[in-house]
Amino acid sequence: MARVLTPRAEDFPRWYQDLIGKARMADNGPVRGTMVIRPAAYAIWERMQAGMDARIKDAEAQNAYFPLFIPESYLSREAQHVEGFSPELAVVTHAGGKELAEPIVVRPTSETIFGEFMAKWIDSYRDLPLLLNQWANVVRWELRPRTFLRTTEFLWQEGHTAHATEADARDYARRILHSVYEDFMVNLLAIPVVPGRKTKRERFAGATNTMTLEAMMGDGKALQMGTSHELGQNFAKAFDITYTSQAGSVEHAWTTSWGSTTRMIGGLIMVHGDDSGLRLPPRLAPIQAQIMVVKAGEGVTEAAVKLRDELKAAGVRVKLDDRADVPFGRRAVDAELQGIPVRVEVGPRDLAAGNAVVARRIDGTKTPMALGEVAGAVADALKTDQQRLLDDARTFREGRTVDVKTLGEAIEAAQDGWARLPWSAVGPDGEAEANGKAVTVRCLVNPDGSVPESDDEPGVLAILARAY
């Protein structure tokens, strides 16, 4: 397999690009920075959507859809917001053969247009909370694109909510952070994430507080996997989102926004992938088990079909590969590249002995076993290997996270892992110094792992790392 992919230890970025190409996950689009998501990766995204969407609905948010085009004047109403996004905006100035009276922005995010309609739809405290989410694409003009991680156009979900009180908005933003994002990433993606608070320097444009989920990639760098923002009353005042309270007074609402993107696919690759390709967590995998006919004839295909039906009846997402005209080795390599958790190989010699071979992608084992035991063995492997991926990723992160005392030690440690130290030893000035050396404060956390309520809580720790 080293001849198929560049080894991770030799050149991690090259390995990443090799894997995306060889596993047929994506191609570069015709416009710089865009990507074509191929079926193998889009099937993963659909599974991500389903898992995330169910959790969003459990949090009582409803899906809607808002326009791709936003009047430029909307963005200018919230000064910090437009300033934060100005370098990334794609602006339409001509359409229908004419110059537009007002330029139109291709949405980089939708706080402003959601705000416009929230103001229209909310009259009374009875209309609150208003909990909305949309699945959409957005455009941010990316100077240094990298497939899935930073692209000019990407897919995501973005939630936008309005609340009667600051406490309600704060609680809901945290509910999304933990009950939706953290639960999804840990239990479906098998990626251990650190929930924390962004510093003022790293905060979302226009937010009063940004909370993040950070994951360590296979090269020790960090990746921001999702964010949840408290917007205070900034957008409510800019868009006049008001409601009449129970007491009869007119008040501004408190709003939140939160999002996760196709960047999670890149994170999945870099956390779980190895020199043989992708390794998909079984709960996420579009195909959990692939039944493979090694060689046709002698009842092999019939036995393979029976195994497929048994696994399907047991609730396993299963595919039959009976392409005997394609060399078996090539098909096995493709299955490994695409990270299918389990292969069940059936050939004439196996069948003559009443056996099949169960090959597990995640631990690399290949075990002959009686045909009647295959379904149970596959179910056990899927459960065990989901947990193994999570445990391995957590062990790797803990092994690459170092507790230090000074900023200099943190910058040095961040060259190949994460550094953790008191935020008081860094501060805004130290953060600027670290940024100058390509190291960022990924988040602030309490010693017990909880998310701080403010930057200056006693004992708050900072996690510093290089990041994608």
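**Aromatic pairs and a helix crossing**

Let's start with a cluster: ring pairs link Phe66, Phe114, Phe117 and Trp121. Keep in mind that this is a predicted model.

How many aromatic pairs does the structure hold? The count is 10. Take tryptophan 45 and tryptophan 135. Their ring centres are 5.9 Å apart and their planes stand at 75°, so this pair is edge-to-face. The two partners come from distant parts of the chain, 90 residues apart. Tryptophan 45 sits in helix H2, residues 39–58, and tryptophan 135 in strand E7, residues 130–139. Buried or exposed? Tryptophan 45 has 2% relative accessibility, so it counts as buried. Tryptophan 135 has a relative accessible area of 19%, and is buried because the cut-off is under 20%.

Next pair: phenylalanine 154 and tryptophan 156. The ring centres are 5.9 Å apart with the planes at 85°, so this one is edge-to-face. Both phenylalanine 154 and tryptophan 156 are buried.

Now charges over rings. Arginine 77 places its charged end over the ring of tyrosine 74, 4.8 Å from the centre. Lysine 221 lies over the face of tyrosine 468, and here the distance to the ring centre is 4.9 Å.

Last, the helices. H1 covers residues 12–22 and H8 covers residues 263–272. Their axes come within 11 Å and cross at roughly 115°. The crossing of H1 and H8 is right-handed. Which residues meet? From H1, Phe12, Trp15, Tyr16, Leu19 and Ile20; from H8, Gly266, Ile269 and Met270. By class, this contact of H1 with H8 has seven nonpolar residues, one polar and no charged.

Technical notes: Residues are numbered from 1 along each chain as its sequence is written. This is a predicted model: local features need pLDDT of at least 70, side-chain atom pairs count only at pLDDT 80 or more; totals for chains, interfaces and linings use all residues. Side-chain values use heavy atoms; hydrogens and water are left out. Axes are lines fitted to C-alpha atoms, for helices over the stretch in contact, and angles run from 0 to 180 degrees between N-to-C directions. Helices (H or I, at least four residues) and strands (E, at least two) are DSSP runs, numbered from the N terminus. A crossing is left-handed if the near helix is turned anticlockwise from the far one by less than a right angle, and right-handed if clockwise. Contact means heavy atoms within 4.5 Å. Ala, Val, Leu, Ile, Met, Phe, Trp, Tyr, Cys and Pro count as nonpolar, Asp, Glu, Lys and Arg as charged, and the others, Gly among them, as polar. Rings of Phe, Tyr and Trp (its six-membered ring) pair if their centres lie within 6.5 Å; planes under 30 degrees apart count as stacked, over 60 as edge-to-face and the rest as tilted. Buried means under 20% relative accessible area, exposed over 50%, partly exposed in between (1.4 Å probe, protein chains only). A charge sits over a ring if NZ of Lys or CZ of Arg is within 6 Å of the ring centre and within 35 degrees of the ring normal.
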